[in-house]
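Trainee: Hi, could we go through this structure together? I'd like to start with the charged side chains.

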Amino acid sequence: SFIFERAFFFCYGQSEGNIMEDDCRENSTDEQTIQDIDWDADDWVLTEAGRAQSVQTGAYLRAAGLCSDNCELWTSPLSRARETASHLGLLAVSKVVDSLYERKTVNVSFIDIREAVRSASSEKEARRIAMRDTFNGRVEPFETMLERISPVVDRLKEEEKTNIVIVSHGYIMLGMRALLEELDEEQITGIFRGGLVVNSRQTRN
């Protein structure tokens, strides 16, 4: 997660899809098995751990005073993000923002995948990066994603009074951070190699 002025971003809690994906990364050597999974499914529910992560994040937001008065909660339309939002326990105006959805894989064209695998922060992260081209072409160019989310980012930059909590996905958060902090390709590559934010992990930037 990360904070930008009056906005707080974090990824949805662990879902059954994350468990399936982790199992593929660690155990499957059959590319067809990986491709047969419906990575774009909208019916993945949160695991028990995912629900607990969501409750914990909500408690953190309340304790830090980040979502008390004048607060809005924006979520991706995908069910795992909306379910995460429902467990936060926040008294906030809730909005589903269609452009915050994410395709499973985003093609960051300026990143050298082989080099990213070699310099990954862990073996598991190296497998995640190496798998990114196995999704039957269901890939969105990074630049297209940035264009899609830029109106949301513009709205955040203009906000002066309302705190906004955003529940979305790893690549969306990377794109938002890139736009808000005006990151260059080298900085984006560094974040990509270190691992995208997943499952309500809390970090301050």
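Trainee: Is Arg155 buried, partly exposed or exposed?

Mentor: Arg155 is partly exposed, with a relative accessible area of 28%; buried means under 20%, exposed over 50%, and partly exposed in between (1.4 Å probe, protein chains only). This is a predicted model, where local features need pLDDT of at least 70 and side-chain atom pairs count only at pLDDT 80 or more, while totals for chains, interfaces and linings use all residues. Residues are numbered from 1 along each chain as its sequence is written, and side-chain values use heavy atoms, leaving out hydrogens and water.

Trainee: Which side chain meets Arg155 in a salt bridge at 2.6 Å?

Mentor: That is Glu159, which is buried at a relative accessible area of 14%. A salt bridge here is a side-chain nitrogen of Lys or Arg within 4 Å of a carboxyl oxygen of Asp or Glu.

Trainee: And what does Glu72 pair with, at 3.9 Å?

Mentor: Arg155 again, by the closest N and O atoms. Glu72 is in strand S3 and Arg155 in helix H7, 83 residues apart; helices (H or I, at least four residues) and strands (E, at least two) are DSSP runs, numbered from the N terminus.

Trainee: Where does Lys95 come in?

Mentor: Lys95 forms a salt bridge with Glu72, with the closest N and O atoms 3.4 Å apart. Glu72, Lys95, Arg155 and Glu159 are linked in a network of salt bridges.

Trainee: New topic: how many residues are in the largest nonpolar core?

Mentor: It has 40, and Phe9 and Met176 have the most contacts inside it. Such a core is a set of buried Ala, Val, Leu, Ile, Met, Phe, Trp, Tyr and Cys residues joined through side-chain atoms within 4.5 Å.
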